[in-house]
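Dear colleague,

I am passing on the structure we spoke about, with the sequence alongside. Below it you will find my notes on what came out of it, arranged so that you can follow them with the model open.

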Amino acid sequence: MNELKRQHAAAIFINAARGLVQLAVPFAIIAFFQGLLWIFFIAFAALILISVGFSWLGWYKFRYSLVEGELYIEQGVFIKKKRYIQKKRVQAINISAGLLQRMFGLVKVNIDTAGGGMEAEAELVAVTRTEANHIRALLLKEPARSAEPNETDEEEIAYGEEQQEEEAPFLEQEPDSVWRLGKKRLIYTALTSSSVGIVLSAVAALLSQTAQFIPDSFYEDTFDAVVSLSVLFLIFIAIAVILLSWLISSLITIVTYGNFTIETYEKELVIQRGLLEKRQLTLAYSRITAIRVIRSVIRQPFGFVSVYVESAGGGNNNEQGSTLLVPLIHQRDLHQFLATIVPDYAIETPLTSAPKRAAIRFFIRMLIVPVIVTGVAIYLWGLIGLIGLLVIALAALFAWLQYKDAGAGAGGSYVWMRYRTIGQSLIISRKRKIQSATKQVSLLQRRKDLATFELNVQSSMAGKSFAVKDISEETGDQLYGWYSYQDEHDDIQKV
């Protein structure tokens, strides 16, 4: 086994700082409202010492080694753990540099494996860029080597801790293509971002953690102040809060997706993004299990879409376990983009739409709850309950859109389906990437010869399923027959 190495010593500071930030904010709010700031500062000083001590122990006990295509890790202060991560299990490697890493000129490496869930299988919080590239080259990326290795190559392959600051030991490949998200598209992405709700929910979550420590007098004073305000002023405050949240979410989007670049190579693609925290995800084409094209209600009128990839690794919590391939692109440029970045998924997707007899089921699903609630509201509150008619009208509009968007198709080794919840989703997958496919017919669907088709693919989570409801039973049979047919046909027309 090669010599075991430790991370850069800056990992002590980085791990200690991460823990302190998570604890300090709610404690500071509690101390402020309780008038105990002096206790907070004393406790915070003690917390710094304890956190640094445990971080040092964690850093000292965490050692790793790369040998024969495997990553070996041993760690643990009180319970010692040893773990081998085989190269064949590695699905994606995410290299990022947050503010703390950039202070020391270092990066963080997350290694995702099949079945690893949303959390990375292994995380190195502070290594040099050279070391990160070395790990990626050994575990995922196919390195370009000289035709005839010489002494220099052998010296480069013999990697040691003392060599971390030297040049990259593997020859870097030139990308086959480079795609960049321009500044104009980045601004469009920010302005049409749907993360306003995320900002509001984050504030609500923080308040919920500290609400029990806020004095009752604060709530009473706030309630009295709100009651004394006019309705128009309250509406003005609500609009101001929404606009402020929209501005914050737009800034977060720009910081998150700034410098968005995709580089393609023979066997993998590399996605880079971020202004403050620079992230670099390497994803092998062979690990992609599906493509999702999303048309949100905000972006669809302008002809813009977002594209996600499902893969056995590389997703994150902010993207529901998927990987954002491109945050914003115009519909007219989509085929060319797919042909350049993920050519295996640049196909025509003619749809067999849901039949007319299915329309009533979409309207019933969307309208039954709003109609009942509105009826109860009118019975209890009279004319005020008529506001529910607006909700009914909106639900009816979405029911019509869901009916018009529902459809599916298959050809060659590909299957695709389109459906809508709020935004419209188009799913494209390949037969050999699908883990299971199901055709379901309920009692009510049987009366109208309708069916639901569902497929499951591997993703960063345990798996992800997609379903299109109320297509004709004939279409469902064709899709199910397509999946169960064993011969592969690759005569699909490519764009």
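**The chain as a whole**

Buried residues make up 43% of the 495 residues in the protein chain. Please keep in mind throughout that this is a predicted model. The secondary structure of the chain comes to 14 helices and 20 strands, and its accessible surface is about 26,800 Å², of which 62% belongs to carbon and sulfur atoms. Among contacts between residues at least 6 apart in sequence, 62% join residues at least 24 apart.

**The sheet of three strands**

An open sheet of three strands has the order β1-β2-β3, and its pairing is antiparallel. Since β1 (63–67) and β3 (81–86) stand at the edges with a single partner strand each, one side of each is left without a neighbour in the sheet. Neighbouring strands here are turned by 15 degrees against each other on average, direction ignored. Between β1 and β2 (residues 70–75) there are five bridges, and Val 67 stands opposite Glu 70 in β2. Helix α4 (residues 129–139) lies across β1 and β2, and runs at about 45 degrees to β1.

**The sheet of seven strands**

A second open sheet, also with antiparallel pairing, has seven strands in the order β13-β12-β11-β17-β16-β15-β14. The edges are held by β13 and β14 (352–353), each with a single partner strand, so one side of each is left without a neighbour in the sheet. As a general point, strands of a sheet pair through backbone hydrogen bonds, either parallel or antiparallel.

Strand β12 deserves a careful look, because eight of its eight residues are buried, so that the strand is largely enclosed by the rest of the structure. Phe 304, Ser 306, Tyr 308 and Glu 310 point one way from β12, while Val 305, Val 307, Val 309 and Ser 311 point the other way, and all are buried. In a regular strand, the side chains alternate between the two faces of the sheet.

Helix α12 (residues 388–405) lies across β15 (407–411), β16 and β17, running at about 170 degrees to β16.

Which residues of helix α10 (residues 331–341) are buried? They are Leu 334, Phe 337, Leu 338 and Ile 341, and seen down the axis of α10 they fall within an arc of 95 degrees, so they line one face of the helix. An α-helix has 3.6 residues a turn, so residues three or four places apart point the same way. On the other side of α10, Arg 332 and Gln 336 are exposed. The buried residues of α10 pack against β7 (177–180), β8 (261–264), β9 (268–273), β11 (288–295), β12 (304–311) and β13 (323–330).

Leaving aside its neighbours within four places in sequence, Phe 337 is in contact with Trp 179, Ile 262, Leu 325, Val 326, Ile 329 and Val 342. The largest nonpolar core has 36 residues, and those with the most contacts inside it are Trp 179, Leu 269, Ile 288, Ile 291, Leu 325, Phe 337 and Val 342. The elements that give two or more residues to this core are β9, β10 (278–284), β11, β12, β13, α10, β16 and β17. Apart from it lies another core, of 23 residues, among them Val 415, Leu 455, Phe 466 and Ile 471. In soluble globular proteins, nonpolar side chains tend to be buried together.

**A detail in helix α1**

Lastly, Ala 28 has its place in helix α1 (residues 10–34), and at 26% relative accessibility it counts as partly exposed. The C-alpha atoms of Ala 28 and Phe 40, which are 12 residues apart along the chain, are separated by 6.7 Å.

With best wishes

Note on methods:
Residues are numbered from 1 along each chain as its sequence is written. This is a predicted model: local features need pLDDT of at least 70, side-chain atom pairs count only at pLDDT 80 or more; totals for chains, interfaces and linings use all residues. Side-chain values use heavy atoms; hydrogens and water are left out. Two strands pair if DSSP finds at least two bridges between them. Helices (H or I, at least four residues) and strands (E, at least two) are DSSP runs, numbered from the N terminus. Axes are lines fitted to C-alpha atoms, for helices over the stretch in contact, and angles run from 0 to 180 degrees between N-to-C directions. Contact means heavy atoms within 4.5 Å. Buried means under 20% relative accessible area, exposed over 50%, partly exposed in between (1.4 Å probe, protein chains only). The arc is that of the directions from the helix axis to the C-beta atoms. Accessible areas come from the Shrake-Rupley method with a 1.4 Å probe; for residues, only the protein chains shown count as cover. A nonpolar core is a set of buried Ala, Val, Leu, Ile, Met, Phe, Trp, Tyr and Cys residues joined through side-chain atoms within 4.5 Å.
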